[in-house]
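Please keep the 3D view open while you read, and take the points in order.

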Amino acid sequence: MRTLDPHSPQIPRLASILILFALLAVTWLVWSGFFKALLLFLGLVSSVLCLWLTIRMRFFDDYLFCLPVGLGFVGYLFWLLREVLKSSLDVTKIVLSPSLPVSPRIARIRAGSEHPYDQVLFANSITLTPGTLSMDVDKGVITVHSLTEEGMRDLMSGEMDRRITALRRK
Amino acid sequence: METVIDIVSWLLLTSGGFFVLVGGVGALRMPNLYTRMHAASVTDSIGPILVIGGLILQAGMTLVSIKLAAILVFLLLTGPTASNALASAAMLSGHRPGLAQKMSAEDES
Amino acid sequence: MEYLGLYNYWIAVILLMTGFYAVVAKRNMVKKLIGLSLFQAAVFLMYITMGKVDGGTAPIFSADGAEQIFSNPLPQVLILTAIVVGISTTALGLAIVVRTKEEYGTIEEDEIQQIDGQDIDGNE
Amino acid sequence: MYIAVALALVVTMGLALIRALLGPTVYDRVLAVNMMGTKTVLLLSVITFAIGRPDFLDLALAYALINFIGVLAVLEFFRKRSELDPENNTKEAE
Amino acid sequence: MNLIFGIFLLTLMLITGIAVVRTKNLFVATTLMGIFSLLLAANFFLLDAADVALTEAAVGAGISTVLFLSALSLTAEQEKPCFGGRLLALSVVVITTLALLHATLDSPQLGDINAPVHQHVAPWYIDKTPQVIDVPNIVTAVLASFRGYDTLGEVFVVFTAGIGVMFLLSHYPRKKPHKPHEGLRHYLIQRLVGRTVIPFILLFGFYVQFHGDFGPGGGFQAGALVAAAIILFALLEGTDQAIHIIPSWFLNGMVAGGALLYSAVGVAGMLMGGNFLDYSVLASDPVAGQHLGILLIELGVGITVTGVLLSIFLAFASRKHF
């Protein structure tokens, strides 16, 4: 689990703990919206308690817990949004047409990145796009069920995988 | 400016409602479990994006819209995870999808 | 229109009796507990319905301090605690069902009675 | 306008309920529960805006956070069952 | 408009309820109960009960489904057909239903402000809360301060139920060699997304705990949410891991400690010259004393509810099949 990908910037344990703490504290502030001393103090206590439980749960011991959030990620989200919109319209057409032209397929697709986080991002992006559904992730091979042949072909072109792999290559 | 934002947000809300409805109809019309899950994923992905996007535009730059954004993020995180868990559970009990044709692309990457 | 205002009570009554039916007529103990949860839910609904006031909002003062009509907070307090108590007692019931299954090998009431009857006959 | 969206959501909840009642497999029902969960989150958010008290969004947030635990419990249930008696594996529930 | 939505949702609820009772498959009944709970929460929200809806959300979405499923995996999934006795039950139920429906015709209309319920204590509570306790959420004020005795009783009922489950399930004869419970450890997506979400569920639980004064929330909801987060962890990584995170001696301490904290606040009020559970004497300023008292007893409620729900879940989940 240690050396996953030579290109991936490996976040040290302490740094990822601190990042999570900052994230929790900011989340408390924006959820609460009260800036009184007592509530700020309670927020600090809560964040520390959460962090303590998370450390006890050993979330930081392997490299499963790291968030590659950057500018590239935001760009990827916008691209994904466009894809979701496009395929939603496709599925809508299928659902509303009287003959229901579905031709389900199954395929196995190998994820380009070795990192488990990227594989999960890939699999969940596939599920998030209507018309394709990831059923299983096993050692980087994702079993995908698609509603139509067309949807599968889009996925096979590998654009999504390329974009996800590129996120970590910077 | 106000009216433009209003119009855009109403547009988002109504189209979100439309997609949600389509997903519901699809979940009824589709022939088997896995195809139904595709229809349901319309309501799980584009529906929340549009509806909550419309609400965020209505709320403007306030803490409320940050909370809405948090709801959206968690919905988009957990929705596909739940779908995947359901598909895994169905596969585990030997519920095989009916297929038109099998394709394989092991070596595509 | 006058009867629409009673609709909530009607639903609560029918749900109440649906749950009651499951409790008295079903032989399966888990099903009885599910019926009990339905019964509980119907009572919750009845209480909350009573607390509603036309044109009111939830009994929480909004930050801007505007004058508002509030719905009745008292039924809400009772039901809020009852929900958590309800799940704990249901869990207690389920624990009894699990123990029964381990001792008798079944959770059907009539089969349990049969086993008990055999026991008495055997001992005599 | 909120009402139109709320109406669409409520009708979809009805459709999902029909799916839950029709089945035919248990997974279809779980799918319907999952759909209902998402719809409830959206419905609650829309209603908070419709009644003009957006500070009640906590409810929708609670559902968005913990609604998928139920589906995970279903997966765990089937995993446990297939572990206990593997021959029961291919048996179709209902 | 709310009325129409309410009627529609209630009708859906009724259909679900009848389907729950009719189905022979207990697994299906449990999933339908999930739908029922969602509809119930939506209805509570339409009827202005935000706090109650949040409680139903926290309890119904995760915990009750999980509990029923773990009980089902220990017992049976299918209900056996039963014969006889149904006609009698059905006729009793129908007659009672008709009698009760007839009784509702005299009830006040939905939302009638002149209904008897709204005439007595409720206006006093709404009136006095701003000056006596000064928290925005009247429900919390009534729950924690005006009717603190009731809540103490409820907390002890929860406590007793938890103790009962532990008595029933924690002892069992060892039949098989102990095999670690794996959970969903091999499901990468669920595991990783769970890891991302768990800290936020915990944080949300604490947020609900401490913002009970200002918005919907309080100890009961927070306890259920925090318990749900740790139940999620137990589902993902296995029950043994969860027991490792929160050892059982600590859990037992939580179950008892929360209830004790609640009572201790009451006794502290007595020692400082007030009545039992009278918080006004806890600080020099009565309103500040009320705030302190509410904060402490809500904390006690939260700790007990978390402890009880978690130990119930762990008792069910770590029980082996016989």
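1. Let us start where two chains meet. Across the interface of chain E and chain C, 21 residue pairs are in polar contact, both partners being at pLDDT 80 or more. Please keep in mind that this is a predicted model. On the side of chain E that touches chain C, helix H3 (residues 50–74) gives the most, with 13 residues. That side of chain E divides by class into 63 nonpolar, 20 polar and 12 charged residues.

2. How many salt bridges does the rule find across the interface of chain E and chain C? There are four salt bridges between these two chains. You can look up a salt bridge between C:Lys31 and E:Glu79, where the closest N and O atoms are 3.0 Å apart.

3. Now for the extent of this contact. Chain E brings 95 residues to it and chain C brings 79 residues. Together the two chains bury about 7,900 Å², and carbon and sulfur atoms give 78% of that area. On the chain E side, E:Val21, E:Asp48 and E:Phe68 supply 9% of the area buried against chain C, which is more than any other three residues supply.

4. Some pairs do not touch. Chain A and chain C have no contact, and their closest C-alpha atoms lie 11 Å apart. Chain B and chain C are likewise not joined by any contact, with 13 Å between their closest C-alpha atoms.

5. Chain E has 12 helices and zero strands. Its C-alpha trace spans about 60 × 55 × 35 Å along the principal axes.

6. Next, the open spaces. The largest pocket has a volume of about 1,500 Å³. Its lining counts 40 residues, and the closest to the centre are A:Phe73, A:Leu77, B:Val73, B:Phe74 and B:Leu77. Several helices each supply at least two lining residues: helix H1 (13–32), helix H3 (71–96) and helix H4 (116–128) of chain A, helix H2 (33–59) and helix H3 (63–92) of chain B, and helix H8 (188–210) of chain E.

7. Which classes of residue make up the lining of the largest pocket? There are 35 nonpolar and five polar residues, with no charged residues.

8. Of the 27 residues in its lining, A:Ser32, A:Phe34, C:Ala63, D:Pro54 and D:Asp55 lie nearest the centre. The elements giving two or more residues to this lining are H1 of chain A and H3 of chain B. By class, the lining of the second largest pocket has 14 nonpolar, seven polar and six charged residues.

9. The largest cavity has a volume of about 300 Å³. It is lined by 20 residues, and those nearest its centre are C:Ser37, C:Ile87, E:Met33, E:Glu56 and E:Ser64. Helix H2 (29–51) and helix H3 (73–104) of chain C, along with helix H2 (26–46) and H3 of chain E, each give at least two residues to this lining. The lining of the largest cavity has nine nonpolar, 10 polar and one charged residue.

10. Which residues lie nearest the centre of the second largest cavity? They are D:Val33, D:Gly70, E:Gly34, E:Ala61 and E:Thr65, out of 15 lining residues. The volume of the second largest cavity is about 180 Å³. At least two lining residues come from each of helix H2 (26–50) and helix H4 (68–84) of chain D and from each of H2 and H3 of chain E. H2(E) has the largest share of this lining, with four residues. In the lining of the second largest cavity, seven residues are nonpolar, eight are polar and none is charged.

Note on methods: Residues are numbered from 1 along each chain as its sequence is written. Chains are lettered from A and ligands numbered from 1 in the order in which they are written. This is a predicted model: local features need pLDDT of at least 70, side-chain atom pairs count only at pLDDT 80 or more; totals for chains, interfaces and linings use all residues. Side-chain values use heavy atoms; hydrogens and water are left out. On a 1 Å grid over the protein atoms alone, a cavity is a set of points where a 1.4 Å probe fits but cannot get out, and a pocket is an open set with protein on both sides within 12 Å along at least five of seven lines; lining residues have an atom within 4 Å of a point. Grid points are joined across faces, edges and corners, and a volume is the space filled by probe spheres set on the points. Ala, Val, Leu, Ile, Met, Phe, Trp, Tyr, Cys and Pro count as nonpolar, Asp, Glu, Lys and Arg as charged, and the others, Gly among them, as polar. Contact means heavy atoms within 4.5 Å. Buried area is the accessible area (1.4 Å probe) that two parts lose on being put together, summed over both. A salt bridge is a side-chain nitrogen of Lys or Arg within 4 Å of a carboxyl oxygen of Asp or Glu. A polar contact is a pair of N or O atoms within 3.5 Å; within protein, one must be able to donate a hydrogen and the other to accept it, and residues adjacent in sequence count only if both atoms are side-chain atoms.
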